[in-house]
Amino acid sequence: MELAFSYVSGYSVAILLLQMVVLPSEQFTVSSSGSRQVALVGGHAEFSCQLSPPQSAERMEVGWFHEHHSQLVYLYKDGEEVSGKSTYNYMNRTVLLKDSLGEGKVTLRIHNISVLDGGQYHCFFKDGDTSEEAIMDLRVAELTQTHVH
Ligand SMILES: *[C@@H]1O[C@H](CO)[C@@H](O)[C@H](O)[C@H]1NC(C)=O
Ligand SMILES: *[C@@H]1O[C@H](CO)[C@@H](O)[C@H](O)[C@H]1NC(C)=O
């Protein structure tokens with residue numbers, strides 16, 4: 001009886017160790033859509049990011065970062081938007097579409113695009129010590145009126 005018991009628990013421990021080594025549960029990658037887009041001055045841009053494999057991001061930190069200005073655009077943490085000085089240039093211009101947060105999909109919409117908004121954006125998902133990101137590129141086009149004399 002004792003022998004059988006220790007055999008079973010030893011086997012369970014081996015399985016557990018194997019799962020910890022082979023399948024770290026916190027591993028994921030991030031992909032984006034709209035990775036190259038053009039927006040008009042005064043228009044809006046949308047950046048979608050998706051966790052793979054699909055999993056809930058409700059307890060994760062999710063954010064967007066503008067590379068050129070080294071500026072945080074939007075940060076979602078502990079279930080709410082974190083705003084302040086760090087997101088000042090984007091304050092009142094961003095909307096997070098998070099209906100699919102449970103499947104790890106989020107979209108950030110930026111309104112009233114200006115030429116200063118052009119450049120590379122990174123979106124990141126952070127879960128504990130694991131952080132992964134995807135890169136997107138925004139080009140801003142200005143409609144100019146041609147005067148014919
Ligand atoms: C954002 O909106 C609030 C309330 O309307 C306003 O007080 C604040 O100045 C606005 N911030 C920016 C950066 O436009
Ligand atoms: C859009 O941004 C410009 C500056 O880039 C500002 O002058 C204008 O008032 C803004 N429009 C709206 C609707 O917020």
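Student: Hi! Which atom of ligand 1 does a polar side-chain atom of asparagine 92 lie 2.2 Å from?

Tutor: An oxygen atom: a polar side-chain atom of asparagine 92 lies 2.2 Å from an oxygen atom of ligand 1. Keep in mind that this is a predicted model.

Student: OK, and which residues surround ligand 1?

Tutor: Ligand 1 has Tyr88, Met91 and Asn92 around it. On its own, ligand 1 exposes 360 Å², and the protein buries 34% of that.

Student: Let's zoom out. How many helices and strands are in the protein chain?

Tutor: The protein chain has 1 helix and 10 strands. Reading from the N terminus, the order of elements is α-β-β-β-β-β-β-β-β-β-β.

Student: What share of the residues is buried?

Tutor: Of the 149 residues in the protein chain, 32% are buried. As for the surface, the protein chain exposes about 10,000 Å², with 54% of it coming from carbon and sulfur atoms.

Student: Now the inside. Which residues of the largest nonpolar core touch the most other members?

Tutor: That core has 27 residues, and those touching the most other members are Val30, Phe47, Trp64, Val73, Ile110, Tyr121 and Phe125. At least two residues of this core come from each of strand 3 (45–52), strand 4 (61–66), strand 5 (71–77), strand 8 (105–110), strand 9 (119–127) and strand 10 (130–141).

Student: Which strand gives the most to this core?

Tutor: Strand 3, which supplies 4 residues.

Student: What about the open sheet? What is its strand order?

Tutor: The open sheet has 6 strands in the order 2-10-9-4-5-6, and its pairing is mixed. Strand 2 (36–40) and strand 6 are the edge strands, each pairing on one side only.

Student: Do strands 2 and 10 pair in the parallel or antiparallel sense?

Tutor: Parallel, over 5 bridges between strand 2 and strand 10. Leucine 40 has alanine 141 in strand 10 as its bridge partner.

Student: Switching to the backbone: which residues does a cis peptide bond join?

Tutor: Serine 52 and proline 53, with omega at about -5 degrees. Proline 53 is in the loop between strand 3 and strand 4. For background, most peptide bonds are trans.

Student: Where is aspartate 78, and what is its phi?

Tutor: Aspartate 78 is in the loop between strand 5 and strand 6 (80–81). Its phi is near 50 degrees, a positive value in a residue other than glycine.

Student: Is aspartate 78 buried or exposed, and why?

Tutor: Aspartate 78 counts as exposed because its relative accessibility is 73%, and the cut-off for exposed is over 50%.

Student: What about the phi of asparagine 112?

Tutor: Asparagine 112 has a phi near 45 degrees, which is again a positive value in a residue other than glycine. Asparagine 112 is in the loop between strand 8 and strand 9.

Conventions. Residues numbered from 1 in each chain as written. Chains lettered and ligands numbered in written order. Predicted model: local features only at pLDDT ≥ 70, side-chain atom pairs only at ≥ 80, totals over all residues. Heavy atoms only, no water. Near = heavy atom within 4 Å. Polar contact = N/O pair within 3.5 Å; in protein donor to acceptor, adjacent residues only side chain to side chain. Areas by Shrake-Rupley, 256 points an atom, 1.4 Å probe, with all protein chains shown as cover. Core = buried A, V, L, I, M, F, W, Y, C linked by side-chain atoms within 4.5 Å. Buried < 20%, exposed > 50% of the residue type's maximum accessible area, 1.4 Å probe, protein only. Pairing = 2+ DSSP bridges.
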